[in-house]
Amino acid sequence: MIKTETVFVLGAGASKPYGFPTGAELRTRICTELMLGYAAFERLTECGHNQTDIEHFRASFEQSAVASIDMFIAFRSEFKEIGEHTIATLLLPAEKLTNLTKENWYHFLWHEMISGATTPELLLQNKVKFITFNYDRSLEQFLLSAIQNVYGLTPETSFSYLSQIKIRHVYGSLGDYDHECGYRYGEQSNGDFRLMILAAQRSIKTVPSIRGSADEICADWLANAQRVFVLGFGFDPTNCVQIRLTSACSKAPKPHTPKQIFASAYLLTLAEKNWCEANACAPRQGGLIWTNGDSLDLLRDRRDLLN
């Protein structure tokens, strides 16, 4: 079990092992698949967008040279609706239950969380919180299934325990849990996919005015954590400000004990690490402690601190 106050900050790289694209990969897919003949194009027409509007949106995004769809919509709020429909159209089909059986960092962390947790009540004694910038619900669905099968519970009872594990989607998600049909994870082929896209769009927050000011709940979690694990996160300055990462991580909850901040550095150069560190935390706290690898590599490298 993890008895030290620990927060996990998740970027797109944290969801990649479970079948989801990084921001750059999503950009490529939007520029490629929003064309006549692709399923994504057809889905958008079913949501009420005509060919001219879809092509205009795709071309504008492609030629903008903006790195992410979220950032592009922040500049061009007139594309909010079609942009969010596009995000849902491309991400919902990636929610596949089979991908959650692949052993990666979810499994690794879960093993640490259930060590000594012989009941679901003991599981809740893990002092962990998750801040995610991702729209997908893979973490929730994984934990829901794991709780249900480890402790032999019904889906509804499993969700009652899952809901007590602190998970916060900074910019919304593809949809909340439904007490009749769960997350509908991996059910895109069942029923009306158009309705799933429209429902997801209502939960996604892309435009800054809708996102609001800094997320004080996330900032409070970070300020009171002794350890922070940053997984697959690009340290975009806007995202760092949104959760007050710099100021929150300069505060150690225990006197005279520096906060420990660990980060994965998949394919990052030294200069890029230095840039990330400048956006993330105060030097007096020891800076970021890097692992040259992905999310799983980081947790394996710091397994002795998952306690």
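## The largest cavity

The model is a predicted one. The lining of the largest cavity is made up of 6 nonpolar, 5 polar and 2 charged residues. In total, 13 residues line this cavity, and those nearest its centre are Leu10, Tyr106, Thr132, Asp136 and Leu139. The space inside comes to about 60 Å³.

Four elements, α1 (12–15), α7 (105–114), α9 (138–151) and β3, each contribute at least two residues to the lining of the largest cavity. The largest share, 3 residues, belongs to α9.

## The second largest cavity

The count of cavities of 30 Å³ or more is 2.

The most comes from α7, which gives 5 residues.

## The sheet

An open sheet is formed by 6 strands with parallel pairing, in the order β3-β2-β1-β4-β5-β6. Because β3 (166–169) and β6 (288–291) stand at the edges with a single partner strand each, one side of each has no neighbour in the sheet. From one strand to the next, the twist averages 20°.

Within this sheet, β1 (residues 6–10) pairs with β4 (residues 227–231) in the parallel sense over 5 bridges. Leu10 lies opposite Leu231 in β4. Leu10 is also among the residues nearest the centre of the largest cavity.

Key: Residues are numbered from 1 along each chain as its sequence is written. This is a predicted model: local features need pLDDT of at least 70, side-chain atom pairs count only at pLDDT 80 or more; totals for chains, interfaces and linings use all residues. Side-chain values use heavy atoms; hydrogens and water are left out. Two strands pair if DSSP finds at least two bridges between them. Axes are lines fitted to C-alpha atoms, for helices over the stretch in contact, and angles run from 0 to 180 degrees between N-to-C directions. On a 1 Å grid over the protein atoms alone, a cavity is a set of points where a 1.4 Å probe fits but cannot get out, and a pocket is an open set with protein on both sides within 12 Å along at least five of seven lines; lining residues have an atom within 4 Å of a point. Grid points are joined across faces, edges and corners, and a volume is the space filled by probe spheres set on the points. Ala, Val, Leu, Ile, Met, Phe, Trp, Tyr, Cys and Pro count as nonpolar, Asp, Glu, Lys and Arg as charged, and the others, Gly among them, as polar.
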